[in-house]
Amino acid sequence: GKELAETLKKKNAENKIQSISYKLLNYLRIGNTNQFMNTLIRTYMAYGEEIPSSFIKALQNKENFYSLGYSFLNGFLSGNVENKNSEVKENG
């Protein structure tokens, strides 16, 4: 997740991180693995990145999929949260 977030930042699409995260989190919450994967694949394709094979393997076991999905989101959001915290310290 962290690598994809870095790619979005490099391509000046950092503002998309939060909206993608909300979608992915909601799909995990309701257990919609198809929509989660659809959003994930579209995001990777849009930014020319390779989709991690671990997601394809995790589809075989829902518990593993949830763990991987939440871990992905944690990494995806971690850089965004760090940046917001540094902005608050600079402006605060």
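Me: Helices here are DSSP runs of H or I that hold at least four residues, and they are numbered from the N terminus. In this predicted model, between which helices does the loop with Asn12 lie?

Reply: The model is a predicted one, and Asn12 follows helix α1 in it, with a phi that is positive. The loop that holds Asn12 lies between α1 and α2.

Me: What is the phi of Asn12, and is the residue buried or exposed?

Reply: Most residues other than glycine have a negative phi. Asn12 is a residue other than glycine, yet its phi is positive, near 55°. Exposed means over 50% relative accessible area, and because Asn12 has a relative accessible area of 71%, the residue is exposed.

Me: How many helices and how many strands does the protein have?

Reply: Read along the sequence, the protein follows the pattern α-α-α-α-α. The count that goes with this pattern is five helices and zero strands.

Me: At what angle do the axes of helix α1 and helix α2 cross?

Reply: Helix α1 covers residues 2–10 and helix α2 covers residues 16–30, and their axes come within 10 Å of each other. Where these two helices meet, Ala5, Leu8 and Lys9 of α1 are in contact with Lys16, Ile17 and Ile20 of α2. By class, this contact has four nonpolar, no polar and two charged residues. The axes of α1 and α2 cross at roughly 145°.

Me: Which residues does Thr7 contact, leaving aside its neighbours within four places in sequence?

Reply: Thr7 is found in helix α1, where the buried residues are Leu4, Ala5, Thr7, Leu8 and Lys9. Buried means under 20% relative accessible area, so Thr7, at 10% relative accessibility, counts as buried. Leaving aside its neighbours within four places in sequence, Thr7 is in contact with Tyr47 and Glu49.

Me: Why do the buried residues of helix α3 line one face, and what is the arc they fall within?

Reply: In helix α3, the buried residues are Thr33, Phe36, Met37, Thr39, Leu40, Thr43 and Tyr44. An α-helix has 3.6 residues a turn, so residues three or four places apart point the same way. The face of α3 turned away from its buried side carries the exposed residues Asn34, Arg42, Met45 and Ala46. Seen down the axis of α3, the buried residues line one face because they fall within an arc of 165°.

Me: What distance separates the end C-alpha atoms of helix α3?

Reply: Helix α3 spans residues 33–46, and it is followed by Gly48, whose phi is positive, near 65°. At 1.5 Å a residue, the 14 residues of α3 should span 20 Å, which agrees with a separation of its end C-alpha atoms of 20 Å.

Me: Which backbone oxygen does the side chain of Thr43 reach?

Reply: Thr43 is found in helix α3, and it counts as buried because its relative accessibility is 8%. Leaving aside its neighbours within four places in sequence, Thr43 is in contact with Leu4 and Ile20. Its side chain reaches, at 2.8 Å, the backbone oxygen of Thr39.

Me: How far apart in space are Phe72 and Leu4, C-alpha to C-alpha?

Reply: Phe72 is found in helix α5, residues 62–91, and at 5% relative accessibility Phe72 counts as buried. Not counting residues up to four places away in sequence, Phe72 touches Gly1, Leu4, Leu24, Leu40, Tyr44 and Phe55. Phe72 and Leu4 are 68 residues apart in sequence, and in space, C-alpha to C-alpha, they are apart by 9.6 Å.

Me: What share of the contacts with a separation of 6 or more comes from residues 24 or more positions apart?

Reply: The protein has 92 residues, of which 35% are buried. Among its contacts with a separation of 6 or more, the share from residues 24 or more positions apart is 61%.

Key
Residues numbered from 1 in each chain as written. Predicted model: local features only at pLDDT ≥ 70, side-chain atom pairs only at ≥ 80, totals over all residues. Heavy atoms only, no water. Axes fitted to C-alpha atoms, helices over the stretch in contact; angles between N-to-C directions. Contact = heavy atoms within 4.5 Å. Nonpolar A, V, L, I, M, F, W, Y, C, P; charged D, E, K, R; others polar. Buried < 20%, exposed > 50% of the residue type's maximum accessible area, 1.4 Å probe, protein only. Expected span 1.5 Å × (residues − 1). Arc of directions from axis to C-beta. Polar contact = N/O pair within 3.5 Å; in protein donor to acceptor, adjacent residues only side chain to side chain.
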